[in-house]
Amino acid sequence: MKVKKAHVRTMLPVASAGLACFWAWFYFALLSPYPAEHAGKEASLYLKLAFLVGMVAAMLLVYAKRNLFNRTERDPLPGAAALLTLPFGLFNIMAHYLPVSTTAFAVAWFLAGCGFSLIFLLWPKVFMVGWQKDVGAYLSASALAGAVLYLFACELRPPYGDVALVLLPLASLAVFHYVRTHIVGSEQEPEAPLEQTRLFPLTGFTVAVFGALFGIALYLLCANLDAVNPLAVAAAIACGAGLHLALSVLVKRYLTFGTAEKLSLLLLVVGFLGLAFLGPNLMLACCLFIVGVYVYLDFSNMSALVGFASGHPSPFWRIARGQLVLPVGMIVSWIACMIIEHTNPNLFAYVPYLALGLLLALALLAAFVPFKDNTFADKTVKGEIVEGGYFKQRCNQAAQTYKLSNREQEILYYLAKGRNAQFIADELNISAYTAKTHVYHIYQKMGINSQQELISIVDSTEIVYQ
């Protein structure tokens with residue numbers, strides 16, 4: 001039976017609801033004491049570390065073995081993600097009736113982290129197909145809705161909270177499957193993966209340091225979750241997602257990572273100054289503030305990466321590369337906090353000052369080193385670097401080849417990024433009719449009939465690598 005498909009714009013709210021279930025599961029797992037209470041308070045910190053390690057392990061696999069994830073046949077990843085997340089909730093349910101070893105819990109948390117990464121990398125397949133100027137707002141809205149679901153899950157009586165750990169990721173995957181099978185354009189696939197996101201070394205270092213800072217705040221928060229009201233956690237998440245939502249609506253496009261980095265830097269200084277110099281009663285409030293900054297930065301980074309990947313429905317190894325170093329930094333700082341706390345608890349009080357030192361280093365980098373956003377480096381299917389790789393250079397070369405005017409060349413940049421005529425009109429302060437006329441002339445000169453053909457021409461344009 002042929003499936004009736006809808007336009008992507010009508011499916012984005014449904015996709016946001018499915019993504020909200022995913023974020024609610026993540027918040028409930030890490031920012032609620034309930035899922036780890038069977039193993040004990042001290043063991044819970046090790047279990048959550050196993051979760052973070054699982055996240056990184058899955059992202060590394062996706063990035064290193066991207067040829068294993070070619071969706072030429074039936075996509076096995078949703079099923080694999082479901083199987084990886086099941087033990088997490090099932091073991092918690094079993095613990096109400098049977099003894100479960102700490103090792104079994106650790107394995108379940110590690111597998112859940114792997115499943116988290118797979119679900120996290122699956123969802124951009126939907127948003128890339130429907131990339132428009134307001135997708136960043138939909139991503140933020142899903143985080144807000146996820147915070148509400150997290151609050152609901154925290155109020156469930158045992159063992160219904162453990163059931164939520166089983167059902168929330170499955171619900172997210174079910175919505176993902178529905179949206180992908182009912183969305184126009186979701187079956188489009190590039191013939192071969194030709195590009196990946198290249199992070200400049202300084203960019204990767206910056207993201208890792210941010211991850212280390214967030215790891216410190218998250219560790220302090222998770223070590224004292226019994227004293228934290230879930231409503232305060234939801235409020236912190238809502239503040240971070242709301243900030244990104246407001247900025248996404250105001251700028252009418254995804255936020256570049258450079259913008260997010262500069263704003264997050266200022267906000268983190270406030271949070272860690274509070275941790276270092278305010279009393280212990282306000283420590284958890286400062287940690288929650290930093291978690292809100294983390295939500296803002298991570299969703300800004302995610303929006304930028306999805307924007308860079310628009311026009312290619314399934315290059316999620318690119319997203320894995322862009323997100324990988326953030327949890328790596330979190331793992332490093334989490335382990336450092338554990339070591340310091342166990343060897344010398346008195347020294348642990350100086351950890352916020354260490355964080356302020358890292359912030360000072362980031363501020364010096366931001367002041368004296370010009371920031372560069374992610375760019376594309378072309379690679380063959382075998383991973384060999386070839387000439388080319390800079391988006392604007394390829395656009396310029398294509399404009400010269402087809403003898404486009406200066407205005408048509410300017411519009412070509414937007415078309416190659418997947419933008420529509422209305423977006424171009426808003427950005428260039430021209431009428432929609434004028435924008436459509438320019439698009440028509442560009443198509444005529446290039447001898448094409450669709451935007452996807454234009455993107456393919458730009459992607460395949462050969463330039464001298466500089």
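Trainee: Is Glu-410 buried, partly exposed or exposed?

Mentor: This is a predicted model, where local features need pLDDT of at least 70 and side-chain atom pairs count only at pLDDT 80 or more, while totals for chains, interfaces and linings use all residues. Residues are numbered from 1 along each chain as its sequence is written, and side-chain values use heavy atoms, leaving out hydrogens and water. Buried means under 20% relative accessible area, exposed over 50%, and partly exposed in between, with a 1.4 Å probe and protein chains only. Glu-410 has 31% relative accessibility, so it counts as partly exposed.

Trainee: Thanks! Which residue forms a salt bridge with Glu-410?

Mentor: Side chains of opposite charge can pair when their charged atoms come close. A salt bridge here needs a side-chain nitrogen of Lys or Arg within 4 Å of a carboxyl oxygen of Asp or Glu. For Glu-410, the closest N and O atoms are 3.1 Å apart, and the partner is Arg-407.

Trainee: How many residues apart are Arg-407 and Glu-410?

Mentor: Both lie in helix α16, residues 406–416 (helices are DSSP runs of H or I with at least four residues, strands are E runs of at least two, and both are numbered from the N terminus). Their spacing is about one turn of the helix, which is 3 residues.

Trainee: How many salt bridges does the rule count?

Mentor: Besides the Arg-407 pair, Lys-445 forms one with Glu-408, the closest N and O atoms being 2.8 Å apart. Lys-445 lies in helix α18 (residues 432–446) and Glu-408 in α16, so this pair ties together parts 37 residues apart in sequence. The count comes to 2.

Trainee: Are α3 and α7 roughly parallel or roughly antiparallel?

Mentor: Axes are lines fitted to C-alpha atoms, for helices over the stretch in contact, and angles run from 0 to 180 degrees between N-to-C directions. Under 35 degrees is roughly parallel, over 145 roughly antiparallel, 65 to 115 roughly perpendicular and the rest oblique. Helix α3 (residues 77–94) and helix α7 (residues 160–181) pack at about 165°, with axes 7 Å apart. That makes α3 and α7 roughly antiparallel.

Trainee: What separates the C-alpha atoms of Leu-77 and Leu-173?

Mentor: Leu-77 lies in α3 and is buried at 8% relative accessibility. Along the chain, Leu-77 and Leu-173 are 96 residues apart, while their C-alpha atoms are separated by 10.0 Å.
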